[in-house]
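I opened the model and kept notes as I went. The entries follow the order in which I looked things up.

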Amino acid sequence: MTMLIERMSYDNGEAIPYVDSRIYSDRGIFEEEVEKIWKKVWLVAVHESELPEPLDFRTMTLAREPIVIVRGSDSKLRAFLNVCPHRGNLILRQPSGSLTVGEPSGNANHMTCMFHAWQFDCFGRCVDIPRAKAGYQDRLRKEDIALKQLPCEVAHGGFVWVSLNTKVGPLSEYIGPAFDIMREELDTEPLTIFHYHKAIIPSNYKLWHDTNSEFYHDYMHYFNRATSMQQKGYFERQYTAFPNGHCTVGSMEVKYDAYQGAQDRVLSFPGMPRNGWKMVDLFPGATYNIRGSSLRVDTMTPLGPDRVMIEFRGLGLKRDTPDEQAQRVRDHNTIWGPFGRNLHEDLLGITGQGVGMQPGSTPRRILHGRRENNTIHDEIGMRHFYKEWERRIGRSPNDPFPETQTAAE
Ligand code: FES
Ligand SMILES: [Fe+2]
């Protein structure tokens, strides 16, 4: 083992930062991440435009907990555990819908558990327990029962943020100044979703976040090489790190027409130069990415050490005309749609890493060592993420199991 370290030489003199591949492959570490990170922090769940009307709902699973977000009759969005307090059954089973649609098992406007027909209103209050008096006498009343409500805030471009941690601090405290770079684009006027797709990839969720947090891999994207790397301003883009593991990447002007068949963007966002490009990477697994006319937001749901679901949303302005929205969709899809020129390459990259770092594979060193004065190919974004990871998990990312073999190659 020692010999290998000497041969690799990057442990001599000034150390080159690396992480141990087991942080991407070990099942025990994955379980710790679910408990110590994913169940503790604020997570992006959906966009408000996905539930526009009172009594609309969306369901999802965050860190293995089924969640439902409901727009109340007062138009406010609330998040609940989508689990019946009677005997633990899943309540709403569709990905989305409206409570105004009655179901065979219950009344319209209520969430009805199909098992024993307990009913809950849009505020999570239990409004009916069949034969309550006969079975529970006065020991249990519907007024004492409710769905578990979770912290929920709408912010940063109209996204619905949820935390499984009922003691979590305010979202503003968690985010800090990380969105300052995009404040005007996101919050001047309402946004709306025009694109959604998801990918389930046999890889670790952090590898997707790593990819979103470093630009050195622009060598993989021919489109990015032509339209950005060879253009003015690319190597001056600044990487800035913020408390709690978040990072942002400064703007540049992309020359879309440098790629044959592509066109410069005509639409934009308030405060965003046409053809601008900015990113905000959020710990532990979300990215906001504005390229000229479209905002792409990635959210990750870790499914195991070697499995992640990534949801991709594309957004424009709510006031767009149908023609403007169609233009944003075209712009979005040429680069980021499933048949675009960029995003699927990133997915192939992390799929290959997933093969190279399968559960049980020999510990390896994964380098995070580029330093270029916090400019675009500096790997400060990844290093900053793993500092926060270390703080929350209580393990060193480059030596997660000090009592056993260390990663030597
Ligand atoms: S488990 Fe829901 S009503 Fe019984
Ligand atoms: Fe990429």
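**Entry 1: terms.** Before reading any sheet, I noted that two strands pair if DSSP finds at least two bridges between them. I also noted that strands of a sheet pair through backbone hydrogen bonds, either parallel or antiparallel.

Entry 2: The model I am reading is predicted. I looked up an open sheet of seven strands and wrote down its order, 13-19-18-17-16-15-14, with antiparallel pairing. Which strands stand at the edges? I found strand 13 (191-201) and strand 14 (239-241) there, each with a single partner strand, so one side of each has no neighbour in the sheet. On average, neighbouring strands of this sheet are turned by 15° against each other, direction ignored.

I then followed strand 13 to strand 19 (residues 307-317), and counted 10 bridges in the antiparallel sense. One position I checked in this pair was Thr192, which stands opposite Gly316 in strand 19.

**Entry 3: helices on that sheet.** Helix 6 (residues 205-212) lies across strand 16 (277-282), strand 17 (286-291), strand 18 (294-304) and strand 19. I noted an angle of about 155° between helix 6 and strand 18. Helix 10 (residues 380-393) also packs on the sheet, where I found it touching strand 14, strand 15 (247-249) and strand 16. The direction of helix 10 makes about 10° with that of strand 14.

**Entry 4: strand 5.** Is strand 5 (residues 77-81) mostly buried or exposed? Four of its five residues are buried, so I recorded strand 5 as largely enclosed by the rest of the structure. For this step I used the cut-off that a residue is buried if 20 or more other C-beta atoms lie within 10 Å of its own.

Next I looked for the partners of strand 5. Strand 4 (residues 65-71) pairs with strand 5 in the antiparallel sense over five bridges. Within this pairing, Val70 has Arg78 of strand 5 as its bridge partner. The hairpin of strand 4 and strand 5 has five residues between the strands, and I noted that Ser75 takes a positive phi near 75° there. Strand 5 also pairs with strand 10 (residues 149-150), antiparallel, over two bridges. There I found Ala79 opposite Leu150 in strand 10.

Entry 5: I looked up another open sheet, of three strands in the order 7-8-9, with antiparallel pairing. Its edge strands are strand 7 (111-112) and strand 9 (126-128), and each pairs on one side only. Strand 8 (residues 119-120) joins strand 9 over two bridges in the antiparallel sense. I noted Asp128 in strand 9 as the bridge partner of Gln119.

**Entry 6: domains.** The protein is divided into domain 1 (42-152) and domain 2 (189-393). Their C-alpha centres lie 35 Å apart. I found that the contact takes six residues from domain 1 and eight residues from domain 2. On the domain 1 side, strand 2 (42-47) and strand 3 (56-62) are the elements that give two or more residues. I sorted the residues of that side into two nonpolar, three polar and one charged.

**Entry 7: confidence.** The average pLDDT of the protein is 94, and 95% of the residues score at least 70. Over residues 1-9, pLDDT stays under 50, and the model has six contacts beyond four places in sequence for them. Where pLDDT is low, the predicted coordinates should not be read in detail.

Notes: Residues numbered from 1 in each chain as written. Chains lettered and ligands numbered in written order. Predicted model: local features only at pLDDT ≥ 70, side-chain atom pairs only at ≥ 80, totals over all residues. pLDDT = per-residue confidence, 0-100. Contact = placed C-beta atoms within 7 Å. Buried ≥ 20, exposed ≤ 12 C-beta atoms within 10 Å, placed from the backbone. Domains from an automatic or database assignment. Nonpolar A, V, L, I, M, F, W, Y, C, P; charged D, E, K, R; others polar. Axes fitted to C-alpha atoms, helices over the stretch in contact; angles between N-to-C directions.
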